[in-house]
Amino acid sequence: MFSYSKAPYRYIAKYKNGKWEEGYLSQDANVVLNESACVLQYAQCVFEGLKAYKTRDGRIVCFRPDCNASRMKDSAIRMAMPPYPEDKYLEAIDMVVRANREVIPPYGDGSSLYLRPFMIGTTPVLGVKPADEYEFRIFASPVGPYFDGKIKLRVCDFDRAAPNGTGNIKASLNYAMSLYAIADAHAQGYDENLYLDAATRRFLEETGGANIFFVTKEGSLVTPASGTILPSITRRSVLEVASKVFGMPVEERRISIDEIGGFEECGLCGTAAVISPVESIDDHGQIYRYFRERDFESSFSWKLRTYLTEVQRGERVGPEGWMSQPLSNEFESLCLPSGVCD
Ligand SMILES: *Cc1c(COP(=O)(O)O)cnc(C)c1O
């Protein structure tokens with residue numbers, strides 16, 4: 001299950017008088033804020049999500065934490081927030097993982113320790129402007145898989161992100177507007193919403209919290225190109241594995257809603273979703289089904305997922321720099337910036 005379960009320690013750093021103060025660990029899960037804090041009134045909040053895993057031989061590793069650090073910087077800048085320094089970010093991840101090592105789920109059952117870095121504007125504002133002070137925090141929660149089994153999507157009549165909006169950053173506001181839509185999707189028997197581009201409503205974007213990809217009958221991987229989807233680190237990694245390891249042709253291009261019936265496989269990818277198979281997409285009564293000729297376990301999606309999760313769990317050496325330095329039982333260094341994040 002993917003739900004909040006309080007791990008004992010979280011990291012807190014505060015931004016005051018134009019600079020970030022030294023961060024520290026705390027056992028207090030509550031945030032105390034002024035009623036007019038910018039985050040409460042104007043949703044000045046960005047976040048990240050990554051996982052720490054236990055490996056078979058007892059090490060603890062993180063998957064591409066440097067990519068999260070750099071994406072959070074981009075998100076912060078777009079929300080007029082002071083970015084948290086990337087080297088400090090990696091140190092903070094390290095501290096939180098170490099402090100919570102007792103609650104990292106064991107190797108082999110598909111669970112992990114989810115880490116949620118986030119940043120909020122804390123000072124009171126009433127006229128619309130960014131806050132003067134901020135809090136950067138990372139809390140942890142042991143989690144299981146986000147999706148169980150195959151996913152049913154519906155094409156959503158709401159839009160997720162406008163051109164030149166905030167769809168390409170990890171802003172909480174992108175989720176606020178999706179809550180009504182996801183509650184409605186669940187009530188109608190779907191697992192997630194598939195959003196179209198807001199400008200023309202002809203091209204696929206992504207779901208509320210994961211990117212989407214397709215595989216053709218011949219084994220080409222196709223995924224939407226768009227400036228208004230969240231640049232998923234999982235997707236980036238999947239594309240690289242598909243092309244470099246499996247020699248699959250990879251295309252990042254606009255995907256029209258009219259062509260989705262032509263694909264054999266469809267999957268969602270993200271830290272929470274990992275790679276989850278999509279059983280069907282319902283476009284207003286027109287239902288497209290996937291994994292018809294190949295079931296999931298014999299599909300390209302399955303091969304990609306297996307490879308990726310083996311890398312993440314330290315069973316296989318992946319591309320250079322993908323796994324943060326293994327944290328040994330003596331808890332040496334967990335996160336060394338790898339510098340390979342594009
Ligand atoms: C976080 C997120 C993803 C997945 O990104 P990863 O880096 O792979 O975890 C996809 N879409 C949205 C909207 C997201 O917020």
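In the predicted model, a polar side-chain atom of threonine 271 is found 2.5 Å from an oxygen atom of the ligand. The separation is 2.6 Å for a polar side-chain atom of serine 232 and a ligand oxygen, and 2.7 Å for a side-chain N or O atom of lysine 170 and an oxygen of the ligand. A polar contact is defined as a pair of N or O atoms within 3.5 Å; within protein, one of the two must be able to donate a hydrogen and the other to accept it, and residues adjacent in sequence count only if both atoms are side-chain atoms. On its own the ligand has 390 Å² of accessible area, of which the protein covers 97% (Shrake-Rupley method, 1.4 Å probe; for residues, only the protein chains shown count as cover).

The chain is assigned two domains, domain 1 (10-144) and domain 2 (151-312), with bounds from an automatic or database domain assignment. Their contact (heavy atoms within 4.5 Å) takes 20 residues from domain 1 and 20 residues from domain 2. The C-alpha centres of the two domains are 26 Å apart.

Residues are numbered from 1 along each chain as its sequence is written, and side-chain values use heavy atoms, with hydrogens and water left out. As the model is predicted, local features need pLDDT of at least 70 and side-chain atom pairs count only at pLDDT 80 or more, whereas totals for chains, interfaces and linings use all residues.
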